[in-house]
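Here is a friendly walk through one protein model, written for someone who likes to know the cut-offs behind the words. Please have the viewer open as you read.

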Amino acid sequence: MAERTIEVEEQITVGALAEKLMLPVTKLIGELMKNGIMATVNERIDFDTAQIIVGELGLDIELARKSEPITSTIHEKRKSNQNGETRPPVIAVMGHVDHGKTSLLDAIRGADTAKGEAGGITQHISAYQIVHKDRPITFLDTPGHEAFAALREHGALLTDLVIVVVAADDGVKPQTIEAIRFARKAGVKILVAVNKIDKEGSNVAQLKQQLAEQDLLVEEWGGDTVVVEVSAKTKQGIPELLDMVLLIADVEDLKAEVDVPATGLIIEAHMEQGRGPVAICLVDEGTLESGNYIVAGGTYAKIRNLESTDGSKMAKATPSTPVVITGFKVLPEFGDEFQIVKDEKTARTLAQNMDRQRKASGSKQDIGSGELIRMINRTNEITEFPVIVKADVQGSLISVIDSIKSLDTDEVVVRIVNSGVGAVNESDAHLAHSTGATIYGFNTQMPTSIKRLISRDKVPVRLYSIIYELIDDVREELGTRLAPEIVEKDLGALTVKGVFKTSKTEIICGGEVVSGKLTYPALARIKRGKETIGEATITNLKRGPQDTKEVFEGEMCGMNIATTQKTDIQEGDRIELFTRESVTRHL
Ligand code: GDP
């Protein structure tokens, strides 16, 4: 038992700590320095550091936290929620292009008459809730892949079920297979919606055969894959599809704690005139209420308003509910985890810490988790470049289309939204505006009235009289849509000779540079023997007591390492520094 216990805040200045310890501040600064921490009298150190330093000083004093510790990640907080309450299922709809994903989502939204009447869904939303048989169901909208991957990436696994849409008249296609693979990899249930059954030429039996080839055996053939036949056009089968979703949700017994501070994920964020940063959050656990302090990535907010994604006010948001939040100081990023904290001070401190860590983890070129998620998506998805082609005569129209289609790769394809002979006209401009297409004209004109329209709607129009120039332009556009290549560059390595501090989020250690040149910001792989035991971010380097930007082979140095999960670095470990950059590829 220590002689005396003193209470210390989560963050304390060196001066204030010295005072509490009744020590000359220079002695404390000296001890910090010995441990590789350069801190002046007014600088703050965290509780864990203070505790280590008190131990090092050999003082018979025990430190106690004055306030609740800040939980650093959602994962640590996330616990078995079997005691929780039943929550709505979260559904992602995926499938091959043109198989009716959008139409099906629209039909489902329309099936919820209350929401349908409220209307008002004018802007892009990334999630919404419908009510079927008095039970809410959450749908992740376009880009379903993205939100889905983010959830998975963050271990939240809030996507419970993927509806794979397959057109009955077209069957299983590459993106269908991709969707199945993606859902499997994530370990989520698959429900197959066979769409367009109203169309002639649909062959459901053959489709079931194709599904079987993908190891999705339907129930009537002894498997457990649920297949629901629907028509997004006539709405046939939609209620049955939703019944199935609820049934699967019941079997899965989806639960989450409600009476805990809310945590979840930012699934969309954008600026809105008059409202500033607007974020759509999907609640993972707990209950979000207006007035709460929310931290997401490097930013925080006092929640001003809670709104559902169709714009209606909400008093609170419980698990699996998508909710629109305003009040953030800075835009959070897509894929950021959020958490509710008890007061503004905690929110600010936590946001600042995360912001600092992010900045330290690299220049703009470095890849944040959001970017990584987007890349994972891109490799799972075929990116399209929508175009409208106009040409002077049928013959040249066909050669232009054939030439640009020949540029298709496994990753990027040209999608011909429309084509025709003649000048660029008003309907081309409208179609391009609504589909996001670029208009290519070959040996053709554009009347002045259309010029005004396209400049108002900012529709890209490219007119060419040399076919190779047109093709080059399309090639370049496709190139910009290729997922960048991730390139890792080794900087150098260090052998650990001593570890000075280990907290939940930071390790301070020192050692000898055994190869290369160490610089920061950099990423680091921590190795013990042949095994990699963790990846982290180098946030500072020291040569002796001085901060330095670089250290060379043969020199000794100290380093601060920011970690997101508990990593135990030991003497003898090898820390390999590297950078990770995204490099633009060319077609
Ligand atoms: P997505 O690319 O998967 O989002 O597909 P869309 O929802 O944009 O649908 C592609 C095309 O198929 C559109 O022209 C729709 O009108 C049409 N479509 C979608 N669902 C049905 C359906 O159930 N029956 C019929 N006949 N056409 C459909």
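Two strands pair if DSSP finds at least two bridges between them. Helices (H or I, at least four residues) and strands (E, at least two) are themselves DSSP runs, numbered from the N terminus. This is a predicted model, in which local features need pLDDT of at least 70 and side-chain atom pairs count only at pLDDT 80 or more, while totals for chains, interfaces and linings use all residues. Residues are numbered from 1 along each chain as its sequence is written, and side-chain values use heavy atoms, with hydrogens and water left out.

**Strand β22 and its partners**

Let us start with β22 (residues 383-391), which is joined to β23 (residues 412-421) by 9 bridges, the two strands running parallel. Within this pairing, F385 stands opposite V414 of β23. On the way from β22 to β23 the chain passes through helix α13 (residues 394-405), and this β-α-β crossover is right-handed; that is, with the strands pointing away from the viewer, the path from the first strand over the helix to the second runs clockwise.

β22 also pairs with β24 (residues 438-442), again in the parallel sense, over 5 bridges. There, K390 has G441 of β24 as its bridge partner. Because 7 of its 9 residues are buried, β22 is largely enclosed by the rest of the structure. Buried means under 20% relative accessible area, exposed over 50%, and partly exposed in between (1.4 Å probe, protein chains only).

A391 lies in strand β22, T563 is in the loop between β32 (556-562) and β33 (574-583), and E43 is in the loop between α2 (25-34) and β3 (44-46).

| Residue | Relative accessibility | Class |
|---|---|---|
| A391 | 0% | buried |
| T563 | 3% | buried |
| E43 | 37% | partly exposed |

Contact here means heavy atoms within 4.5 Å. Leaving aside neighbours within four places in sequence, A391 is in contact with S396, L397, G420, V421, G422, F442 and T444. Its C-alpha atom is 9.6 Å from that of Y464, 73 residues apart along the chain.

T563, not counting residues up to four places away, touches Q357, K504, T505, E506, I507 and A536. A polar atom of the T563 side chain lies 3.4 Å from the backbone oxygen of K504.

Under that same exclusion of residues up to four places away, E43 touches I12, T13, V14 and M38.

**The largest nonpolar core**

A nonpolar core is a set of buried Ala, Val, Leu, Ile, Met, Phe, Trp, Tyr and Cys residues joined through side-chain atoms within 4.5 Å. The largest one has 25 residues, and those with the most contacts inside it are L104, I108, I137, F139, I163, L191 and L241. Elements giving two or more residues to this core include α5 (101-111), β9 (161-167) and β10 (189-195). The most comes from α10, with 6 residues. Beyond four places in sequence, L191 touches residues including I163, V228, L241 and I248.

**Where to be careful**

The predictor's confidence in each residue, pLDDT, runs from 0 to 100. The protein chain averages 82, and 86% of the residues score at least 70. pLDDT stays under 50 over residues 142-147, with 16 contacts beyond four places in sequence, and over residues 362-380, with 37 such contacts.

Definitions and conventions. A polar contact is a pair of N or O atoms within 3.5 Å; within protein, one must be able to donate a hydrogen and the other to accept it, and residues adjacent in sequence count only if both atoms are side-chain atoms.
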